Amino acid sequence: MMKVVIVAILALATTLVSAYDPSPLQDFCVGINYTDSAVFVNGEFCKDPATVIANDFFFSGLNIPGNTSANKLGSSVNLVDISKFPGLNTLGISLARIDFAPYGLNPPHTHPRGTELLVVIEGTLLVGFVTSNPTNKLFTKVLNKGDVFVFPIGLIHFQFNIGETNAVSFSGLSSQNPGLITIASAVFGSYPPINPDVLIKAFQLDKSVVDYLEKQF
């Protein structure tokens, strides 16, 4: 487990070099809940520095495997962002553990506010990302234990366990709140639903196929 922790820390340190979020104006700004619904800030309000303790900069639990049987995809993502770890506020970074069952998939998705740097801890993953229009070029690679791959901010990417055993990876992301848009669920599972005529024409599908896909989400 110590090797996992060391690799994860190195991944985080690397992403700090090019953090996307605005630079902090103080040593730290531990996030704190603020109940005035009329006031919004880009991030979280700061806890009084005089009351900050070591545990504000501490998180545990990433040694626990995720439940990959809880969904049809066979994957589990434990994202440690500002919502779980207030000490990340203004630091421009977050971390995720991703568990894969055999042939499990982290489906095509984007992080609108963060670049992702992934390191494989166990198993073999097929990963890739697609560039923006008009080229839509696919960059893909098979990763083994200890291999690292970067997914540029905002681009659609995926991770697929092509092995017959479980796989584990850790990702550092260059935002305290990188965001997540899973392509299939966003398009076919939006609320309220996108007009089927839009999807029929955009994907050149029969209405029956669109209806089926919308029911899946």
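Colleague: Which residue stands opposite N78 in β4?
Modeller: N78 stands opposite R97. Strands here are DSSP runs of E with at least two residues, numbered from the N terminus, and two strands pair if DSSP finds at least two bridges between them. Strand β3 (residues 75-80) is joined to β4 by six bridges, and the two run antiparallel. By the way, this is a predicted model: local features need pLDDT of at least 70, side-chain atom pairs count only at pLDDT 80 or more, and totals for chains, interfaces and linings use all residues. Residues are numbered from 1 along each chain as its sequence is written, and side-chain values use heavy atoms, with hydrogens and water left out.

Colleague: What joins β4 to strand β11?
Modeller: Seven bridges do, and β4 and β11 (residues 167-173) run antiparallel. In that pairing, L95 stands opposite G172.

Colleague: Which way do the residues of β4 point?
Modeller: In a regular strand, side chains alternate between the two faces of the sheet. Here S94, A96, I98 and F100 point one way, while L95, R97 and D99 point the other way.

Colleague: Why is β4 largely enclosed?
Modeller: Buried means under 20% relative accessible area (exposed is over 50%, partly exposed in between; 1.4 Å probe, protein chains only). Seven of the seven residues of β4 (residues 94-100) are buried, so the rest of the structure largely encloses this strand.

Colleague: Which strands form the open sheet, and in what order?
Modeller: Five strands, in the order β8-β7-β10-β5-β12, with antiparallel pairing. β8 (138-143) and β12 (181-182) are at the edges with a single partner strand each, so one side of each has no neighbour in the sheet. Within it, β5 (residues 105-110) and β10 (residues 156-161) pair over three bridges, and L105 stands opposite F160.

How values were computed. Helix = DSSP H or I, 4+ residues; strand = E, 2+ residues; numbered from the N terminus.
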